[in-house]
Amino acid sequence: MKDMSYPLPAAGPVPAASSRHAVTLLFRERHAELVRLAVLLLGSRPAAEDVVQDVFTRLCTRDYLAVGGNPLAYVRTAVVNGCRSALRRTSAAGRAGERQNLLAPVAAGSAEDEVLLAEDRRQVIAALQALPARRREVLVLRYWLGLTDTEIAEVLGISRATVSSTAARALAVLARHLGEDA
Amino acid sequence: MTRTEDRLADALGAAAAAVPEETLRPLVAPPPPRPRPVWLAPAAAAASVVVLAGLVTAAVAVAGSGAGKPAGPLPVPAAALAAVPTYYAEADLDQRITVRSTATSKVTATLPIRGPLPAGLGAVAAAGHGLFFAAGVAPHSQTEQLYRFRVTAAGKVTGLTPVPGGRLSARQRVDGLAAAPGGASVALSYSTVWHGNPSGTDRLIVIDTNTGARTVWRGGTRGENGRNAVFGVASMSWTGDGQRLAVLGQRCPGSGPHAYAETNIFCQGRGGQAHRVAEVWLIRPAGGGGLLSRGQLLLRQSDRYPYLAQALISPDGRVLTAMVLTGPVVGQNPGGDGIIPDNMTIRQIAVPSGRPLGVLYRRHLGSTFETGASPDFLGLTGDSTRQHWIVIAELGHDPFNGWLYRGRLVPLINVTGLNDPGFEAW
């Protein structure tokens, strides 16, 4: 449950130009990564781009430098939370649209190999999308972004032990869905 | 890594690679804010001292009254637990519709219907004496359907059957449900999806669950500048005789194409922002459909009740139990962060006089960057007697979910759990 909010710094009177510049630099550098993260969590590219744009806009109007600590983790948290808020808003507003096919065509040698690989990936992504939101987040952060459990805990605002147990449960469910042992 | 982990990492990498950087929509920076006049700084500082002092006083008062943040398991006498419904049904963000024990929150049954994709919530409502209704999507189905089911003394689901007249069209998405005591009628609010986008405006259907006969109700009033107002249904509830339905509707008077009356304290339109209007109407569905304004206006948001998030009618139709938000609005931009007042009270109000009768629960919602206050974010659910209440708030850094007992909240599920309840019914 419950992250539902962008954990942004308190609204300052007017963000310093240097803060705004720092935000712009960070997003210029990490734009693609953040959108991809949101795509994997939301299953929709337009919605993912909206979330990242929204986070960017909000950070531009706040004293970003007051964040301290790890700004990248902070922004990732904002994107993850934004995704959950987006899911909820989508539900409230009509749960429009369908999840998109997230996978681009693959190049894996023979045409038969390509079909098999594409199908395998589709199965995995479908199983991932069927997981509860928190489990999906943990897996995406760990197996796509390659974060450690400690880093994931920081992003999600939960304990490292919870990350570990959540990941274990999620993998077990995923393995069951995919017909193999975790 | 295990084979599962290998496959997962590979699939995630492929999915991420399918989003080429060069095809991303460029980020648009907001215009730089205008520097505030120098004289505003000391004024703002002075104002913040006043506000802080007020908050401290309020916090002490809340803590003193025992209505603050739950600090751990709350001892509840067995007699109190016996008085509330034994089970409640829940629809969560992960599309599950489940039945849980009130005492332990453990799942006792899972329904074979789910919320619609993506991440649809489904909806549930209770009609009393173990009778429930749920809207969801059956396996191999694309459209939502209204079902009825019973929960046994052991917490199991029996008799899950479609309700006559309860099938929605492919474009209709259920937003809320309310069942009349005994279950003879069910009110259902829905929005319509056009080309993948929600219309932003809800309608109401009242279904006779025996015959399938329907009446349709609309907010339907025109807003400022002659434009159609966007209308959202925040809550619905029946009187004890099952003849009258109270509807908390929220309109966005100056709405533009992207306005959502139900999700903001401000409405956003072409002309800028406007406060949304919230009204509670009492209608008699048996008299045919039409505009809600055909009914009786019970309560309107006002300075006394500036933000009505939920409002449920008592069995005798004389009292509203309302979730009211007051206090400073956090944030400053419509559509921006934290634009709801952050002091929540569950209070009872005589209608139509509007006279306050008392406060059941109060809580400071804390810093929030959530823009929403629709039923998905703030929920108030009463049992058939309207004596017992479940409160859900999924916003801010302190989300909570529980039932009220003597001004305290008895948690229903572990908030660090993995599900997001959207609707609860008991």
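Tutor: Let us start with a definition: two strands pair if DSSP finds at least two bridges between them. In this predicted model, strand β16 (residues 277-283) of chain B and strand β18 (residues 296-300) of chain B are joined by 4 bridges in the antiparallel sense, and because at least two bridges are required, they count as paired.

Student: What makes β16(B) largely enclosed by the rest of the structure?

Tutor: A residue is buried when its relative accessible area is under 20%, and 7 of the 7 residues of β16(B) are buried, so the strand is largely enclosed by the rest of the structure. Val277(B), Glu279(B), Trp281(B) and Ile283(B) point one way, while Ala278(B), Val280(B) and Leu282(B) point the other way, and all are buried. For chain B as a whole, 55% of the 426 residues count as buried.

Student: Why are β4 and β7 of chain B called edge strands?

Tutor: In chain B, 4 strands form an open sheet in the order β4-β5-β6-β7, with antiparallel pairing. Within that order, β4 (123-128) and β7 (157-167) each pair on one side only, and they are the edge strands. From one strand to the next, the twist averages 25°.

Student: Why are α5(A) and α1(B) called roughly perpendicular?

Tutor: The axes of helix α5 (residues 133-143) of chain A and helix α1 (residues 3-17) of chain B come within 10 Å and cross at roughly 80°. Angles of 65 to 115 degrees count as roughly perpendicular, and therefore α5(A) and α1(B) are roughly perpendicular to each other. On α5(A), the contact is made by Leu139(A), Val140(A), Arg142(A) and Tyr143(A), and on α1(B) by Glu5(B), Leu8(B), Ala9(B) and Leu12(B).

Student: How many of the residues in that contact are nonpolar, polar or charged?

Tutor: The residues where α5(A) meets α1(B) divide into 6 nonpolar, no polar and 2 charged.

Notes
Residues are numbered from 1 along each chain as its sequence is written. Chains are lettered from A and ligands numbered from 1 in the order in which they are written. This is a predicted model: local features need pLDDT of at least 70, side-chain atom pairs count only at pLDDT 80 or more; totals for chains, interfaces and linings use all residues. Side-chain values use heavy atoms; hydrogens and water are left out. Axes are lines fitted to C-alpha atoms, for helices over the stretch in contact, and angles run from 0 to 180 degrees between N-to-C directions. Helices (H or I, at least four residues) and strands (E, at least two) are DSSP runs, numbered from the N terminus. Angles under 35 degrees count as roughly parallel, over 145 as roughly antiparallel, 65 to 115 as roughly perpendicular and the rest as oblique. Contact means heavy atoms within 4.5 Å. Ala, Val, Leu, Ile, Met, Phe, Trp, Tyr, Cys and Pro count as nonpolar, Asp, Glu, Lys and Arg as charged, and the others, Gly among them, as polar. Buried means under 20% relative accessible area, exposed over 50%, partly exposed in between (1.4 Å probe, protein chains only).
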